[in-house]
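Here is a short briefing on one protein model. Keep the sequence and the 3D view open as you read.

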Amino acid sequence: MQQTQIQELKKIVGADHVLTSPEDLYTYSYDATPGHAHMPDAVVIPGNAEEVSQILKVANANKIPVYTRGSGTNLSAGTCPTKGGIVLLMTRFDKIIEIDLENLVAVAEPGVIVATLNAEVAKSGLIYPPDPGTVATATLGGTAAENAGGLRGLKYGVSKHYIMGMEVVLPSGEIINCGGKNVKDVSGYDLTKLMVGSEGTLGVITKLILKLVPAPEAQKSMMAIFHDLDKAGQAISAIVAAKIIPATLEIMDNATIRTVEDYAKCGLPLDAEAVVLIEVDGLPEVVEKEAAKVVEILNKYDGQAQLAKDAQDRDNLWAARRAALPALAKLRPTTFVEDATVPRNQVAAMIRLVNDAAAKYNVTIGTFGHAGDGNMHPTIVCDLRDEEEMGRVYKAMDDIFLGALKLGGTLSGEHGIGLGKLRYMEDQHGPAAMNAMRSIKRALDPNLILNPGKLVGEC
């Protein structure tokens, strides 16, 4: 970028909101994805939609790449400024504009932290269901851009099910509004759904209209220990087949169990092939009935079920699951958290596939994840500085993602494609579908300034 262009940006947002020092540029050169660090030319921090519009007009006229960024917790290199240009930092967009209790809707800016919104709506007995693992730091805009889900995805769905509308700035600088508070709206193409999950490649979200739901009155949690992985998988399928949709249905494999126990001393059995954690929620009488049925199913498949006796016991159960990622990450300098997703009846097969890849290439992988919706998190711990090891790691990744596709799965359940999984996209979608996606990208962003090279590759 030229100095004249940087000066133009300073006139739009103020000099204090344009960062160009080497230290600042390095800070925003990477996200939570290992191995991708690229220096931008400037970090620009707008405060309203009109400023975003003016910034994009400058960028579009000069064909300057723009990478929209929230908290940078994404796991697919989605916010890495791979071609220099502008990191558009949206953290000043941090206002909850409205809590509409008559329509059960929140209107908020994209820089609002998900946990902050939930703390606010909880005062009215409501929840915003999407709950990624980084819920305490992830922004609403980032979770919308990645179509994030989380532990409650099985019962409550993912971000696209709760985003009713938005204000978006197109690459041209034009500001559009799509969707709204209406429960039903079929007037034209669903631009809201198009923008959700588009990973910052089609527009910049500046406002969100979000559906809220009543908080459940009761919850009951339990853990089941399995010494046979296949029976764990059968139990997971049987629970849903019994028309019980738990709020949360999680699994940890033996490698993860051992690592978590060493890290957190939760009392997990080191000889178990899998631990399944379940929570049902809703009306108290329904919760009691469903919990009893779940225990019955777990026992049928030789799962040793343990119900949480009280709130503290419940917290202790989920502490083990929450410890999975930090425990694994502590083992080695580099951590890749993947999110290959398969039909729920293929969960056991997916875990075995991952274990086979770990053994074949001599890499350390622990698998945990959202078993109820088949969203697995094979977590590879390694050392990015070791070229020989990384060669083995990338071969293991090939086996994992291509294997997931063979099981009828998908490359990503919630982390997005970004750069990390781009090389497998045609394997999943085929050339015709990829060309259709690229045509949409070129139609909305003809100069290819927004997050270039991500999600659909080079256009």
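Arginine 92 counts as partly exposed because its relative accessibility is 30%. This is a predicted model. Its salt-bridge partner is glutamate 51, at 3.9 Å from N to O. Glutamate 51 counts as buried, because its relative accessibility is 13%, and buried means under 20%.

**Salt bridges**

- General idea: side chains of opposite charge can pair when their charged atoms come close.
- The count comes to 23 salt bridges.
- The pair of glutamate 51 and arginine 92 links distant parts of the chain, 41 residues apart. Glutamate 51 sits in helix α3 (residues 49-62). Arginine 92 is in the loop between β4 (86-89) and β5 (96-100).
- Aspartate 302 and lysine 231 also meet in a salt bridge, at 2.3 Å from N to O. This pair links parts of the chain that are 71 residues apart. Aspartate 302 is in the loop between α10 (284-300) and β15 (304-307), while lysine 231 is in helix α8 (residues 229-241).
- Aspartate 302 is partly exposed, at 43% relative accessible area. Lysine 231 is partly exposed too, at 29%.
- Aspartate 399 forms a salt bridge with lysine 360, with the closest N and O atoms 3.5 Å apart. Aspartate 399 lies in helix α14 (residues 387-406) and lysine 360 in helix α13, so the pair ties together parts 39 residues apart in sequence.
- Is each of these two buried or exposed? Aspartate 399 is partly exposed, with a relative accessible area of 26%. Lysine 360 is exposed, with 58%.
- Glu98, Asp100 and Lys181 are linked in a network of salt bridges.

**Nonpolar cores**

- The largest nonpolar core has 58 residues. Phe226, Ile251, Leu298 and Ile400 have the most contacts inside it.
- Which helix gives the most to this core? Helix α13 (residues 347-361) does, with nine residues.
- A second, separate core has 27 residues, including Val114, Met166, Leu170 and Val196.
- Phenylalanine 226 touches a list of residues beyond four places away in sequence.

**Strands and sheets**

- Strand β10 (residues 204-211) is mostly covered, with six of its eight residues buried.
- Strand β6 (residues 105-108) runs antiparallel to β10, and four bridges join them. Valine 105 stands opposite lysine 211 in β10.
- Strand β8 (residues 163-169) also pairs with β10 in the antiparallel sense, over six bridges. Glycine 165 has isoleucine 209 in β10 as its bridge partner.
- Elsewhere, four strands form an open sheet in the order β1-β2-β4-β3, with mixed pairing. β1 (18-19) and β3 (66-69) each have a single partner strand, so one side of each is left without a neighbour in the sheet.
- β1 pairs with strand β2 (residues 42-44) over two bridges, in the antiparallel sense. Leucine 19 stands opposite valine 43 in β2.

**Surface and loops**

- Tyr189, Leu191, Leu194 and Ile440 make a nonpolar surface patch of about 410 Å².
- Tyrosine 189 is in the loop between β9 (175-179) and α7 (191-195). Why does tyrosine 189 count as exposed? Because its relative accessibility is 77%, and exposed means over 50%.
- Serine 198 is in the loop between α7 and β10. Serine 198 counts as buried, at 6% relative accessibility. Leaving aside neighbours within four places in sequence, serine 198 is in contact with Ala145 and Leu455.

How values were computed:
Residues numbered from 1 in each chain as written. Predicted model: local features only at pLDDT ≥ 70, side-chain atom pairs only at ≥ 80, totals over all residues. Heavy atoms only, no water. Buried < 20%, exposed > 50% of the residue type's maximum accessible area, 1.4 Å probe, protein only. Pairing = 2+ DSSP bridges. Core = buried A, V, L, I, M, F, W, Y, C linked by side-chain atoms within 4.5 Å. Contact = heavy atoms within 4.5 Å. Patch = residues over 30% accessible without salt bridge, like charges linked within 9 Å, V, L, I, M, F, W, Y side chains within 5 Å. Areas by Shrake-Rupley, 256 points an atom, 1.4 Å probe, with all protein chains shown as cover. Salt bridge = Lys/Arg side-chain N within 4 Å of Asp/Glu carboxyl O.
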